[in-house]
Amino acid sequence: MTCTRREFIASGIAAVIAGSLPRTVASAETSGKARSFRILILGGTGFLGPACTESALARGHSVTHFNSGRTEERRQETGRPSVVPAGVEQLYGNRDPNKTADERKNEGKPDAPKDPNSPKGLSQLEGKQWDAVIDTSGFFPRMVKASAQLLTANVKQYLFISTISVYKNTSVPNFDETAPLETLADPLIEEMGKDFANYGGGKALCEKAAEAAMPGRVTNIRPGFIVGRRDTSGRFIYWPVRASLGGQMVVPGQPADPIQLIDVRDLADWIIHCIENNIVSVYNATGPEKELSMKAMVEGVRKGVGSDASFSWINNDFLKSQGIKDGQFPLYAPPTGESAGLHRCNISRALAKGLKFRPISETAKDTLDWYKSLPPDLQTRVAPQFAKFPEGPPWIDTEKQLLAAWGKHEAGHH
């Protein structure tokens, strides 16, 4: 029913591996022609990578993608357009130095033909130079160490995209970059583990691996919930799709409960800003600047999609009593217990370095427009709450039953 720490981690991974001009971020460069940077993105074709590419190109920089080609191939198989703009250099390989691009691209396809000429490991990066690298696809320290060590002489700055899941404890509001981090019992493990138990600890070790290879030249960015167009994880999309349907809409918890998120384009713009201004160190990156309530969030979504939906707030205990499971209302987490601080992460360091945010209404509108552009079968996968399945009623019918039950419950208490 709500977003647990485990579901935050799971949806974070889904966003990374999932597949309008960006806003301008305030820059320290105040005069003269802006310098053009050469930027390498390890990944580049999932969710954050395309937004970084678009932001960089819009600001006059050149971009190179390094990946196996797997995500683009799958995107084409589902009828979605390519996210690689013209002029972007594409290099192929595998984050694992011991494996080929084909081995990554054909995972889960045992009968796929093997290409004897498939590039191995990081070989296509050798001997090339860039001003900065954005690592959007590092999960295990051995791979991050390999790329950072290879690039240390040929890249000036390494930006590693980490996660707030690196923190050991998100039950305390206002936790900042100095809070204790997750650890791994076995630092050599290269599996996510049950319920993604190794995700946060693995990312924390990746941060250390990058810094060890390029001391003083690393920017470790720890985002919270990244949302917006091209997010196929199903996290934020629920809210604009549901609001667009109008009628009475269930919202969990209390109107003042906090929520934190960041539009993928705002994060991408700030990443490019960090490159342009050589901003290093460690930063939490979520938003907005001031605490956002669930009430303000859903009202902003309603405004963005042009809906007449009304909101009925139902407390969490009642939702549980009606069999509503965790995850039914994506993003939401009650400000109590282990999730008391999940949506109250301190972002003052990033704000001081120029992190900016667009209105939630803009994010909602653009996300819904993107959703509507998808083939129907992909819409079902992105927002399964609104699909018809043989094993149960559609969510809209369940929601009506919830509202009726809640009305009776409230009437009995007056």
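What is the handedness of the crossing of α5 and α6? The crossing is right-handed. This is a predicted model.

- Strands of a sheet pair through backbone hydrogen bonds, either parallel or antiparallel.
- Strand β6 (residues 218-223) pairs with β11 in the parallel sense, over five bridges.
- Within that pairing, Ile221 has Tyr283 in β11 as its bridge partner.
- β1 and β2 also pair in the parallel sense, over five bridges.
- Ile41 stands opposite His65 in β2.
- Strand β2 (residues 62-67) has five of its six residues buried, so the rest of the structure largely encloses it.

**Helices on the sheet**

- The buried residues of α5 are Pro141, Met143, Val144, Ala146, Ser147, Ala148 and Leu151.
- These buried residues of α5 pack against β1, β4, β5 and α6 (199-213).

**α5 with α6**

- Two packed helices are described by the angle between their axes and the distance between the axes.
- The axes of α5 and α6 come within 8 Å and cross at roughly 20°.
- An angle under 35 degrees counts as roughly parallel, so α5 is roughly parallel to α6.
- From α5, the contact uses Pro141, Val144, Lys145, Ala148 and Gln149.
- From α6, the partners are Gly202, Leu205, Cys206, Ala209, Ala210 and Ala213.
- By class, this contact of α5 with α6 has eight nonpolar, two polar and one charged residues.
- An α-helix has 3.6 residues a turn, so residues three or four places apart point the same way.
- Gln149 lies in helix α5 and is partly exposed, with a relative accessible area of 45%.
- The C-alpha atoms of Gln149 and Met214 are separated by 7.5 Å, although these residues are 65 residues apart along the chain.

**α2 with α8**

- Helix α2 (residues 48-58) and α8 have axes that come within 8 Å and cross at roughly 55°.
- The two helices are therefore oblique to each other.
- The crossing of α2 and α8 is right-handed.
- Leu48, Ala51, Cys52, Ser55 and Ala56 form the α2 side of the contact.
- Val264, Leu267, Ala268, Asp269, Ile271 and Ile272 form the α8 side.
- The contact of α2 with α8 has nine nonpolar, one polar and one charged residues.

**α9 with α12**

- Helix α9 (residues 294-305) packs with helix α12 (residues 360-372) at an angle of about 55°, and their axes are 7 Å apart.
- That angle makes α9 oblique to α12.
- The crossing of α9 and α12 is right-handed.
- In α9, the contact residues are Ala296, Met297, Gly300, Val301, Lys303, Gly304 and Val305.
- In α12, they are Ile360, Ser361, Ala364, Lys365 and Leu368.
- The residues of the contact of α9 with α12 divide into seven nonpolar, three polar and two charged.

**Backbone spots to check**

- Gly287 and Pro288 are joined by a cis peptide bond, with omega about 0°.
- Pro288 lies in the loop between β11 and β12 (292-293).
- Asn174 is not a glycine, yet has a positive phi of about 75°.
- Asn174 is found in the loop between β5 and α6.
- Ser281 has a phi near 100°, a positive value in a residue other than glycine.
- Ser281 sits in strand β11 and counts as partly exposed, at 29% relative accessibility.

Note on methods. Residues numbered from 1 in each chain as written. Predicted model: local features only at pLDDT ≥ 70, side-chain atom pairs only at ≥ 80, totals over all residues. Heavy atoms only, no water. Axes fitted to C-alpha atoms, helices over the stretch in contact; angles between N-to-C directions. Helix = DSSP H or I, 4+ residues; strand = E, 2+ residues; numbered from the N terminus. Parallel < 35°, antiparallel > 145°, perpendicular 65-115°, else oblique. Left-handed = near helix turned anticlockwise from the far one by under 90°. Contact = heavy atoms within 4.5 Å. Nonpolar A, V, L, I, M, F, W, Y, C, P; charged D, E, K, R; others polar. Pairing = 2+ DSSP bridges. Buried < 20%, exposed > 50% of the residue type's maximum accessible area, 1.4 Å probe, protein only.
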